[in-house]
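Colleague: I would like to learn how to read a few features of a model. Please take me through them one at a time.

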Amino acid sequence: MEKRQYTVRKPAPRQSQADMVFGTQSVLETLRSGKEIERLFIQREFGLAEIEKLAKELGVPFQRVPVEKLNRVTRKNHQGVIAFVSPIQYMPLHNVLTQVYEEGKTPLLLLLDRITDVRNFGAIARTAECAGVQALIVPTKGGAQINADAMKTSSGALNFLPVCREPNLYETLQYLRNSGLQIIACTEKTEKSLYEIDFSIPTVIIMGSEEDGISKEFIQLADSGARIPLNGQVESLNVSVASSIVLYEAVRQRIK
């Protein structure tokens with residue numbers, strides 16, 4: 001019997017104290033270094049104008065938080081600011097899409113709207129990478145933090161799958177439509193079954209949060225909705241499971 005060949009992947013690195021930077025000067029230098037910042041906490045009572053200005057220029061998401069939150073993160077002298085260095089390098093969406101077309105491939109992208117659970121995010125990333133998704137698109141604010149838990153749950157997939165962080169998902173969807181992709185919103189608020197959708201053409205799939213689903217404006221912008229048939233008593237699926245079903249219907253069609 002012929003033995004199957006498997007690619008061995010290195011385990012994802014765990015997040016450590018080295019991924020957290022605190023203190024005004026240390027955070028400023030980290031921002032200036034060009035490293036990807038996952039999240040930035042600034043003490044609400046402080047007016048760290050230089051850090052906030054630089055964060056805005058670089059598109060780094062930041063929150064003004066009470067000092068108690070900063071103290072829960074670290075007992076050390078944080079000087080009112082803590083930055084978390086991302087374990088991945090975000091990719092420009094334009095570059096990823098251009099490369100996909102240049103390689104003669106049919107785009108299959110996945111956009112996550114307000115999915116904040118880190119483990120769900122990691123599981124979705126794992127499936128997306130296995131399914132051959134060329135880019136995972138997430139919002140700058142309002143999405144899951146990519147940290148050690150996300151890396152672990154993804155089984156290292158986030159080391160290989162391009163992730164694009166976008167400040168305005170509505171404008172991103174408009175850009176993708178203008179670039180020749182159809183927009184498919186995976187939602188129960190449609191009569192059209194998942195199995196009626198043609199996924200063989202350039203496509204971006206939207207998955208929404210389990211609590212609120214997909215934003216109304218995104219559903220209105222979509223070319224079609226896609227509903228996963230449910231025959232049991234439970235009215236919904238876990239979002240990572242739903243993502244797997246949708247993505248592998250796309251894989252099935254593209255293989256055929």
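Modeller: Start with Glu-50, which is partly exposed, its relative accessible area being 48%. Buried means under 20% relative accessible area, exposed means over 50%, and partly exposed is in between (1.4 Å probe, protein chains only). The model is a predicted one, in which local features need pLDDT of at least 70 and side-chain atom pairs count only at pLDDT 80 or more, while totals for chains, interfaces and linings use all residues. Residues are numbered from 1 along each chain as its sequence is written, and side-chain values use heavy atoms, with hydrogens and water left out.

Colleague: Which side chain meets that of Glu-50 in a salt bridge?

Modeller: A salt bridge is a side-chain nitrogen of Lys or Arg within 4 Å of a carboxyl oxygen of Asp or Glu. Here Arg-32 is the partner of Glu-50, at 2.7 Å from N to O. Arg-32 sits in helix H1 and Glu-50 in helix H2 (residues 49-58), so this pair ties together parts 18 residues apart in sequence. Helices (H or I, at least four residues) and strands (E, at least two) are DSSP runs, numbered from the N terminus.

Colleague: Which other residue is linked with Arg-32 and Glu-50 in a network of salt bridges?

Modeller: Glu-29 is, giving a network of Glu-29, Arg-32 and Glu-50. The salt bridge between Glu-29 and Arg-32 has an N to O distance of 3.1 Å. Both residues belong to helix H1 (residues 24-32) and are three residues apart, about one turn of the helix. Arg-32 is partly exposed at 45% relative accessibility, and Glu-29 is partly exposed at 41%.

Colleague: How many salt bridges does the structure hold?

Modeller: There are 10. Another of them joins Asp-113 and Arg-114, with the closest N and O atoms 3.5 Å apart. Asp-113 counts as buried at 3% relative accessibility, whereas Arg-114 counts as partly exposed at 33%. Look at the backbone of Arg-114 as well: its phi is near 60 degrees, a positive value in a residue other than glycine. Arg-114 is in the loop between S5 and H5.

Colleague: Where does Gln-79 lie?

Modeller: Gln-79 is in the loop between helix H3 (67-73) and S4. Gln-79 is not a glycine either, yet has a positive phi of about 55 degrees. Its relative accessible area is 37%, so Gln-79 is partly exposed.

Colleague: Next, the sheets. How do I read the strand order?

Modeller: Strands of a sheet pair through backbone hydrogen bonds, either parallel or antiparallel. Two strands pair if DSSP finds at least two bridges between them. Axes are lines fitted to C-alpha atoms, for helices over the stretch in contact, and angles run from 0 to 180 degrees between N-to-C directions.

Colleague: In which sense do S1 and S4 pair, parallel or antiparallel?

Modeller: Antiparallel, over three bridges between S1 and S4 (residues 81-85). Phe-22 stands opposite Ile-82 in S4. Contact means heavy atoms within 4.5 Å.

Colleague: What is the order of the six strands in the open sheet with parallel pairing?

Modeller: The order is S7-S6-S5-S9-S8-S10. S7 (163-166) and S10 (224-226) are at the edges with a single partner strand each, so one side of each has no neighbour in the sheet. The twist averages 25 degrees from one strand to the next. Four bridges join S8 (residues 182-186) to S9 (residues 203-208), and Ile-183 has Val-204 in S9 as its bridge partner. S6 and S7 are also joined by four bridges, with Pro-139 partnered by Glu-166 in S7. Helix H5 (residues 118-130) lies across S5 (108-113) and S6 (135-139), running at about 175 degrees to S5.

Colleague: Are the faces of S7 covered or uncovered?

Modeller: Both are covered: Val-163 and Arg-165 on one side, and Cys-164 and Glu-166 on the other, are all buried.
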